[in-house]
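Open your viewer and get the selection tool ready. We will take a short walk from helix packing to cores, and then out to a few loops.

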Amino acid sequence: MNINDFIENLKKINININVSQLKQLEKYYELLIEYNEKINLTGITEKEQVYLKHFYDSLTINKIIDLNTVENLCDVGAGAGFPGLVIKILFPKINVTLVDSLNKRIDFLNAVIKELNLVGIDTLHTRIEDFGRKSREKYDVVTARAVASLNILLEYCLPLVKSGKYFIPLKANISREILEIDYAKKELNCELVDKLEFLLPSENSTRTILKFKKLKATSKKYPRPYSQIKKKPL
């Protein structure tokens, strides 16, 4: 996806990008390639592929929720900043929290934030199960991209979501995973209110975005330690 295609495809999902934001993404890309030589951030390094599979893909969340209406957002397992850091660049009014368990990735995210002079964005080096116990009912939107299976993500992320607000994971093909979440939805007091499947432009790979609405406060017994979830899935 070249820059012109990137701009045109963003328009199709109701995002208009300005020159300043394009320059910020360009610098983001340069830092991604530079740091990727030192730490493993991504296997995708060719520029047009980064713009398609990382930048554009991150912003497809706007297909299922108008990001202009969101005050704060948490990206769980933020990695190299997809989708949370990309969202912050295109929607600067959103207060964003990036959570990751690997300090080297947090160092990279902080370097990008500093270089781009972004404000209203925080990074946290912590395990999500620990963060979930300390930051309950805090966010309008919690998202995660390519982190874990749906039932695990629901348990980790729903405690962070305000009642009446949304957990929105970005996934690829979830035909099997979605069959395993009925018990999790019941236990965690949420419902699946929207599901969007589409093909990524150019390469036509499958993408799925889910929108879970939190109906009421999550029990304080969640999230459990990851070891317990693996032994006894929801």
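Is the crossing of helix 2 and helix 5 right-handed or left-handed? Keep in mind that this is a predicted model, then select the two helices, residues 19-36 and 103-115, and look along the place where they pass. The crossing is right-handed. The two axes come within 10 Å and cross at roughly 150 degrees. Since angles over 145 degrees count as roughly antiparallel, helix 2 is roughly antiparallel to helix 5. To see the contact itself, show side chains for K27, Y28, L31, L32 and Y35 on helix 2, and for F108, A111, V112 and E115 on helix 5. Coloured by class, this contact has seven nonpolar residues and two charged ones, with no polar residues.

**Next stop: helix 1 and helix 3**

Now select residues 3-12 and 47-59, which are helix 1 and helix 3. Their axes come within 11 Å of each other and cross at roughly 20 degrees, so helix 1 is roughly parallel to helix 3. Here too you will find a right-handed crossing. From helix 1, display I3, F6, N9 and L10; they meet Y51, F55, Y56 and L59 of helix 3. The contact has seven nonpolar residues, one polar residue and no charged ones.

**Into the cores**

In soluble globular proteins, nonpolar side chains tend to be buried together. Which residues have the most contacts inside the largest nonpolar core? Select F6, L25, Y28, F55 and F108 to see them, within a core of 53 residues. Among the elements giving two or more residues to this core are helix 4 (84-90), strand 2 (95-100) and strand 5. Helix 3 gives the most, with six residues.

Centre the view on L25 next. Beyond residues up to four places away in sequence, L25 touches F6, I17, Y51, F55, V86, I89 and L90. There is also a second, separate core of 27 residues; pick out I128, F131, V142 and C157, which are included in that core.

**Out to the loops**

Most residues other than glycine have a negative phi, and most peptide bonds are trans. The next four selections are worth a look with that in mind.

- Go to F82 and P83: the peptide bond between them is cis, with omega near 15 degrees. P83 sits in the loop between strand 1 (72-76) and helix 4.
- Move on to Y222 and P223, joined by a cis peptide bond with omega about 0 degrees. You will find P223 in the loop between strand 7 (206-214) and helix 9 (226-231).
- Select N189, in the loop between helix 8 and strand 6 (190-199). Its phi is near 55 degrees, a positive value. N189 counts as buried because its relative accessibility is 18%, below the 20% cut-off.
- Then pick N204, in the loop between strand 6 and strand 7. N204 also has a positive phi, near 65 degrees.

**Last stop: A172**

Where is A172? Look in the loop between strand 5 (161-171) and helix 8 (182-187). With a relative accessible area of 41%, A172 is partly exposed. Setting aside neighbours within four places in sequence, A172 is in contact with T206, R207 and T208.

Note on methods: Residues numbered from 1 in each chain as written. Predicted model: local features only at pLDDT ≥ 70, side-chain atom pairs only at ≥ 80, totals over all residues. Heavy atoms only, no water. Axes fitted to C-alpha atoms, helices over the stretch in contact; angles between N-to-C directions. Helix = DSSP H or I, 4+ residues; strand = E, 2+ residues; numbered from the N terminus. Parallel < 35°, antiparallel > 145°, perpendicular 65-115°, else oblique. Left-handed = near helix turned anticlockwise from the far one by under 90°. Contact = heavy atoms within 4.5 Å. Nonpolar A, V, L, I, M, F, W, Y, C, P; charged D, E, K, R; others polar. Buried < 20%, exposed > 50% of the residue type's maximum accessible area, 1.4 Å probe, protein only. Core = buried A, V, L, I, M, F, W, Y, C linked by side-chain atoms within 4.5 Å.
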